[in-house]
Amino acid sequence: MYPSLRWVFGEVFSGKGPPPRPVIFIIITWNIIMHPRRTSWSKILIVLFILCLFSVVPLAILSYTNKPTFSDGNYDFIRDEGRHIRISGQHAYNFDSIINQDAAVTQWSFSQIDGGQRDGLPKPKCPAELLLLILVTSSPENKEIRNTIRNTWASIQGSPGHKYKTVFLIGETPDYDLNIAVNREIQTYGDIVKGAYLDTYRNLTYKVLHGFHWASTSCLSQYYLKTDDDCFINTMYLPKFLVSHNKKSEKLYVGNVFSEKQKRQVIRNTDNRWYVPKSHYAPDYYPKYASGTGYITSHDVLHDIIETSQTVPPFPNEDAYIGVLVDKINISPMNSFRFTFHNTKWSTCNFRYLFQVHQVNSTQLMEMFNMVKKSQTMCGNEKLITSWN
Ligand SMILES: *[C@@H]1O[C@H](CO)[C@@H](O)[C@H](O)[C@H]1NC(C)=O
Ligand SMILES: *[C@@H]1O[C@H](CO)[C@@H](O)[C@H](O)[C@H]1NC(C)=O
């Protein structure tokens with residue numbers, strides 16, 4: 001909408017309270033135009049001026065702000081419908097056209113969500129011949145849980161041949177101080193992949209796609225595991241399992257797959273967090289897919305996911321969206337009970353079996369980490385399960 005119209009009517013449209021700008025605006029304009037001493041010529045001029053204010057000026061502003069990006073040298077801006085949010089040293093694009101909830105997306109590109117990490121912020125370094133890359137979606141404010149992850153399951157040294165790496169996926173925040181804190185964390189740990197999308201729940205799909213794209217171009221690995229920061233990952237057993245027991249090194253997409261009975265209906269209620277408009281995904285049900293709390297793909301599948309994402313408009317339900325892409329490339333999801341959706345009371349020896357546990361807070365992460373370590377010696381007589389189930 002035109003910025004000047006927004007100024008006048010913004011409060012009316014957004015339903016927010018005073019000042020009643022339309023009324024003030026009409027009274028002032030009316031008084032200026034109808035002033036007794038005005039000649040009819042000056043009245044015409046004033047009307048022309050107002051018309052200009054509401055057509056030519058906004059058009060000029062719009063054509064300027066619709067450029068993909070602009071910068072004053074030190075700062076870049078993200079645009080939020082005409083307003084500019086200033087983010088120190090960061091870089092972002094106008095997404096309105098590609099993430100608009102109702103407009104069908106026909107084309108988008110990775111360059112639109114890339115570029116969150118400039119100005120000397122280090123990108124994660126990836127060792128050669130990586131076995132497993134773990135991508136953890138996280139929010140800018142979750143520093144405590146990231147630190148716990150760094151000190152627990154992500155801290156285990158993978159032996160040569162079992163090399164794995166953990167990185168966090170984070171987006172932009174308009175909160176200036178928080179943004180600085182995230183940048184500092186990037187400097188300190190170098191394990192964050194920051195994208196140029198606003199870090200919101202409905203942008204999660206872009207977060208995952210950005211992470212996958214970064215992985216496929218800058219951090220090649222044999223397998224990729226996508227998980228969230230409220231999950232425990234069994235890095236003590238999983239890499240070894242992948243090397244010694246996994247028979248599917250290609251066409252692999254495995255995790256907690258919703259069964260036929262639990263088939264997910266597409267939510268059309270606009271108030272719902274997982275709302276997806278028909279213009280983005282028309283069928284009533286999603287194909288079977290793995291929960292975003294934890295799934296593993298082989299390299300070829302990740303590559304195909306990225307390629308296919310260019311032809312399927314992203315919708316804001318990240319795991320279902322990845323499931324739709326995987327379905328398109330004719331890979332059938334494999335369910336594994338070693339990936340859990342609900343956290344129950346697990347015993348120490350269960351950790352010889354479990355690969356991923358969901359709904360875990362900092363305290364529980366530390367407990368589980370200790371259990372995993374203990375399970376190596378304590379459960380000596382129990383046979384190690386060598387299949388996905
Ligand atoms: C997603 O990120 C873009 C780019 O930063 C932003 O303009 C947009 O408002 C975000 N969308 C949602 C639904 O949060
Ligand atoms: C983590 O969850 C457990 C069990 O729900 C709870 O008792 C504990 O207080 C939580 N800890 C934190 C740090 O939130």
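1. A residue is called buried here if 20 or more other C-beta atoms, placed from the backbone, lie within 10 Å of its own C-beta. By that criterion strand β3 (residues 130-137) is mostly covered, with seven of its eight residues buried; strands are DSSP runs of E with at least two residues, helices are runs of H or I with at least four, and both are numbered from the N terminus.

2. This is a predicted model, in which local features need pLDDT of at least 70 and side-chain atom pairs count only at pLDDT 80 or more, while totals for chains, interfaces and linings use all residues. Residues are numbered from 1 along each chain as its sequence is written, and chains are lettered from A and ligands numbered from 1 in the order in which they are written.

3. Strands pair if DSSP finds at least two bridges between them. Strand β3 pairs with β6 (residues 221-228) in the parallel sense over seven bridges, and L130 stands opposite S221 of β6. Strand β3 also runs parallel to β4 (residues 164-172), to which six bridges join it, with Y164 of β4 as the bridge partner of L132.

4. The axes of helix α7 (residues 204-218) and helix α10 (residues 318-328), which are lines fitted to C-alpha atoms over the stretch in contact, come within 8 Å and cross at roughly 55°. The two helices are therefore oblique to each other, a class left over once angles under 35 degrees (roughly parallel), over 145 (roughly antiparallel) and 65 to 115 (roughly perpendicular) are set aside; angles run from 0 to 180 degrees between N-to-C directions.

Technical notes: A residue is buried if 20 or more other C-beta atoms lie within 10 Å of its own, exposed if 12 or fewer, and partly exposed in between; C-beta atoms are placed from the backbone.
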